[in-house]
Amino acid sequence: MAILSKEEAQAILKKVLSFSKAESCEISLNGSDGGNIRYARNAVSTAGQISVMDLAVSSTFGKKTGTATINEFDDASLQKVVKRSEELAMLAPENPEFMPLLGPQDFQESPTYNENTAAMTPDTRAEMVGKSLQVSKAANLEAAGFLENATRFDSVMNSKGLFAYNKRTNVSFSVTVRNQAGTGSGYIEQQFNDLAKMDTLALSKIAASKANGSAGAKAIEPGKYTVILEPLAASDMLGNMFRGFDARSADEGRSFMSKKGGGTRLGEQLFSENVNIYSDPMNPEVPSATWTDDGLKVKRTQWVEKGVVKNLAYSRYWAGQKGVEPVPFNRSIVMEGGTQSLEDLIKSTEKGILVTRFWYIRSVDPQTLLLTGLTRDGTFYIENGEIKFPVKNFRFNESPVIMLNNVEALGKPVRTGSGMIPPMKIRDFTFTSLSDAV
Amino acid sequence: MKRKDFLYLSGMGMGALLLPDLSAFGNPIDPLQALEGVDVKIKKELADVALNAAKSKGASYADIRIGRYLNQFVATREKRVQGVANTESYGIGVRVLANGCWGFAATNKVTKEDVAKAAEQAVAVAKANAKIQGEPVQLAPQKGFGEVSWKTPIEINAFEVPVKEKVDLLLNVNDIAMQNGASFVNSVIFAVNEQKYFASTDGSYIDQDVHRIYPSFNVTRIDRESGKFQTRSALSSPMGMGYEYMNARPEDKVQGVVTRYKGRYDMLEDAKSAALNASEKVKAKSVEPGKYDLVLDPSHLWLTIHESVGHPTELDRVLGYEANYAGTSFLTLDKWKSKKFKFGSDKVNVIADKTQVGSLGAVGYDDEGVKCKKWDIIKDGILVNYQAIRDQAHIIGLTESQGCCYSQGWDDVQFQRMPNISLQAGKEKLSVDDMIKNVEKGIYIIGNGSFSIDQQRYNFQFGGQTFYEIKNGKIVGMLNDVAYQSNTQEFWNSCSAICDQSDYRLGGSFNDGKGQPSQSSAVSHGSATTRFNGVNVINTARKI
């Protein structure tokens, strides 16, 4: 039984804490229970069922900390892990960045757990994958996909009286559908906390229609184009940027958030005025835990407002150095948009390229956040508000910072990964070469 | 090492890494406690329990991997130790074939009862999926080897070297970098020991003790006035070696525009070069885009080989098993069947080799009990073979597997992974200096940098660590903002010269990702310095 209730977790953590002799002690207990099916060539390739639970103890004397973990839960093992962490602490070098533990906090409970998702079995998964295979087989297409579900609990307790618990479920599904000739390919991915929102049949139909629609792509010259990025494509680009909202690397002068001459670009107009980004762990569409491992409260945080950088993430240590409040980062990112659908964005486009997703994005220059990567699984030419024909995939070299300065329009945000991202229309997006890949 | 662990340490996380966070890596242990593997007798008993349980529930084939995976991480920045951790992960994974379909289950409870339960679960998973299965799995026959063992030939077990020695080395590395103009420096040593036991219903009981090591650093130089910064990372390579890799001998040093290493590594010397290089990079001239002849050092070329030769010749990609994640391959079966698909110029000879001493991929047997071997992939420029495992061998007309099966841990299912894939050195005597002498307009690239390639491995773009402009046979200075873009087949057909065996060196990936759920594997790629003619170079400078 890898999933403990709040009370069960609390009882184990209290017991472990009672064995501690350190000046301060921090314990985390987490477990997960889940399974997956992987399929390709219209048949299951691998599948598994995995269950794990771990306990970690960090003991500190002065600024010397030792950490030990264990996955056995009898009293002797619990005593052993505490003792081992204390011994390691004695041997460890001083950590000048050690922060004293936080006391009790009042954490909100986030709607991260869903009973139906937790109840999934190997048969549920087989049935869901069966629906996806039904679509590809019926259309004489070939599917490769992955379905995974997990229930997870996380809990922490420390010697200053802090306790936090979160239980969450997740089900994720992705499928690539290709035509038999290998000339067309479509893709979709989705994840939810709630199983009821996951429709593998409908999603597979979208991927299948892209597989057929993208066949026979024409080559057009690389260069600067207006692009309509589907939320998945937009999210691929932005994920790299969000990781750069870190105050320390900005202060140290080694990030795109660093200012010439020193300092950060906090407060600067870095993006178009229509760019607004926040994160909120209580957002019912993209819920996440309301606390961090070191006991910080995670609250709604505005990162960008009307294109101006409003917040950078500060660890407790760095916040102390800079005399500001710590700001934890959070994965429940929401980029606000408008009410338009993807179709509306296409309709309003005279000439442009529709991008389903990007692939193999890598940083080229961290200074400007220049990224390179390729389009994949459905790239189309738009003229006079209509999709005219599929085009061959492109390599791009583009910075998301430049991209968010060239925003023409934003559509309605949808869940993409762990965030909510709108489809977007961007002008002057830089494609640098063609790829033969389908 | 699992990719998430590595990314955590080596990515942004490393800058913010504190000791308490290290719990994410598994069980910190007293290193000496786990150096001697679990008694083979106990493992054999557990294995038999699992295999019998699987068979009694209807499995036609079963294997079990009992694994203990030890990692050690020592991470520092400037004058500070950020983290020291010894981690251990111990458990079992059972894989079965039932009703023609694979099933897998894993548990960290290593008792006879729990091992049997996992075997039964694996059969249940296989049977549930058999209902939606198409063709049954065809497994290439494999003879049992009985009770055998294999060990990486190491001289010094990295886990036996005191942590203090490693911390002192890294702090010295940082000190030297800072003294030579670095603004920041992160340095790290990773050591891995996989103690893995494999048993199958074919009658194999294989005990292996695998070691790997990876020292690395990244130096940053900041110019506050201009707001510019440049980095230069280590020219080390992850190796299938012990701590002896850290003790470079004179014969391990390759002199030139910057010292490079083969066989063993001098981290202190490279830290000084890196700091000087980073300062030089801040002032270097921005490249003029256009066609250049590229002279690629093995410290750079390994990654191009990995991405453009290693991945497209993975048979699972060719067949479509990776279509939903890493992608497929342009090297389709018809190209191989034609026996005349010109992958590269006549000079291009690439081999797969799971037996190469010191390489990351070297083991005695793969993770489905197949003895490791060596074979041709590209012969005189022609595609002649792929990389396959037992359930794929029949597809390319083989009667036995090529031994490419690997799993990153006991709790992940094994599947096809890349063996060491290496470009063979030139047959005629040729030094780097002589190669450069004949280049009129070129760029000499050292170290791997940014990399990106499409899902069928046609179009790629690579950066590097340092770039030197070659004009009329001479190196005239350093360049910045360089990346080259090409098409795999075009690129390898533009290969015009390869230095001889005396320049051959290994590079490698410590964490190559593939599969869903994603798994990491370590693989080496050898080459000598190689020339490619007329490759498209772009300028990557932008303003934000």
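These entries record what I looked up in a predicted model with chains A and B.

**Entry 1. Conventions**

I number residues from 1 along each chain as its sequence is written, and chains are lettered from A and ligands numbered from 1 in the order in which they are written. Because the model is predicted, local features need pLDDT of at least 70 and side-chain atom pairs count only at pLDDT 80 or more, while totals for chains, interfaces and linings use all residues.

**Entry 2. Chain A overall**

I looked up the secondary structure of chain A and found ten helices and 19 strands. Helices (H or I, at least four residues) and strands (E, at least two) are DSSP runs, numbered from the N terminus. Along the principal axes, the C-alpha atoms of chain A fill a box of roughly 70 × 60 × 35 Å.

I then checked burial: 55% of the 438 residues of chain A count as buried. A residue is buried if 20 or more other C-beta atoms, placed from the backbone, lie within 10 Å of its own, exposed if 12 or fewer, and partly exposed in between. Among contacts in chain A with a separation of 6 or more, 72% are between residues 24 or more positions apart. Two residues are in contact if their C-beta atoms, placed from the backbone, lie within 7 Å.

**Entry 3. Strand β1 of chain A and its partners**

I followed β1(A), residues 24-40, and noted that 15 of its 17 residues are buried. β1(A) runs antiparallel to β2(A), with 17 bridges joining them; strands pair if DSSP finds at least two bridges between them. Within this pairing, Ser32(A) stands opposite Val52(A) in β2(A). The hairpin of β1(A) and β2(A) has two residues between the strands, and Arg41(A) there takes a positive phi near 50°.

β1(A) is also joined to β4(A), residues 141-158, by 14 bridges in the antiparallel sense. Here I recorded Phe146(A) in β4(A) as the bridge partner of Arg38(A).

**Entry 4. Domains of chain A**

Chain A is divided into domain 1 (6-211) and domain 2 (213-238 + 337-434), bounds that come from an automatic or database domain assignment. The contact between them takes twelve residues from domain 1 of chain A and ten residues from domain 2 of chain A. On the domain 1 side, β5 (163-179), β6 (185-192) and α5 (200-213) of chain A each supply at least two residues. The largest share of that side, five residues, comes from β6(A). By class, the side of domain 1 of chain A that touches domain 2 of chain A has two nonpolar, eight polar and two charged residues. In this scheme Ala, Val, Leu, Ile, Met, Phe, Trp, Tyr, Cys and Pro count as nonpolar, Asp, Glu, Lys and Arg as charged, and the others, Gly among them, as polar. The C-alpha centres of the two domains of chain A lie 31 Å apart.

I also consulted UniProt, where an unreviewed entry lists residues 222-432 of chain A as "domain: Metalloprotease TldD/E C-terminal". The end C-alpha atoms of residues 222-432 of chain A lie 5 Å apart, and the span is 16% helix and 36% strand.

**Entry 5. Where chain A meets chain B**

I looked up the interface and found 71 residues of chain B in contact with 86 residues of chain A. Strand β3(B), residues 101-107, gives the most to the chain B side, with seven residues. That side of chain B has 35 nonpolar, 26 polar and ten charged residues. β2(A), residues 43-61, pairs with β3(B) in the parallel sense over three bridges. Gly48(A) stands opposite Phe104(B) in β3(B).

**Entry 6. Chain B**

For chain B I recorded eleven helices and 25 strands. Buried residues make up 63% of its 544 residues. The radius of gyration of chain B is 24 Å, in agreement with the value near 24 Å for a compact globule of 544 residues.

Chain B is divided into domain 1 (3-283) and domain 2 (286-361 + 373-386 + 419-539). I found 22 residues of domain 1 of chain B in contact with 26 residues of domain 2 of chain B.

Technical notes: UniProt positions renumbered as here; feature names shortened; annotations may be inferred. Rg over C-alpha atoms; globule rule 2.2 N^0.38 Å.
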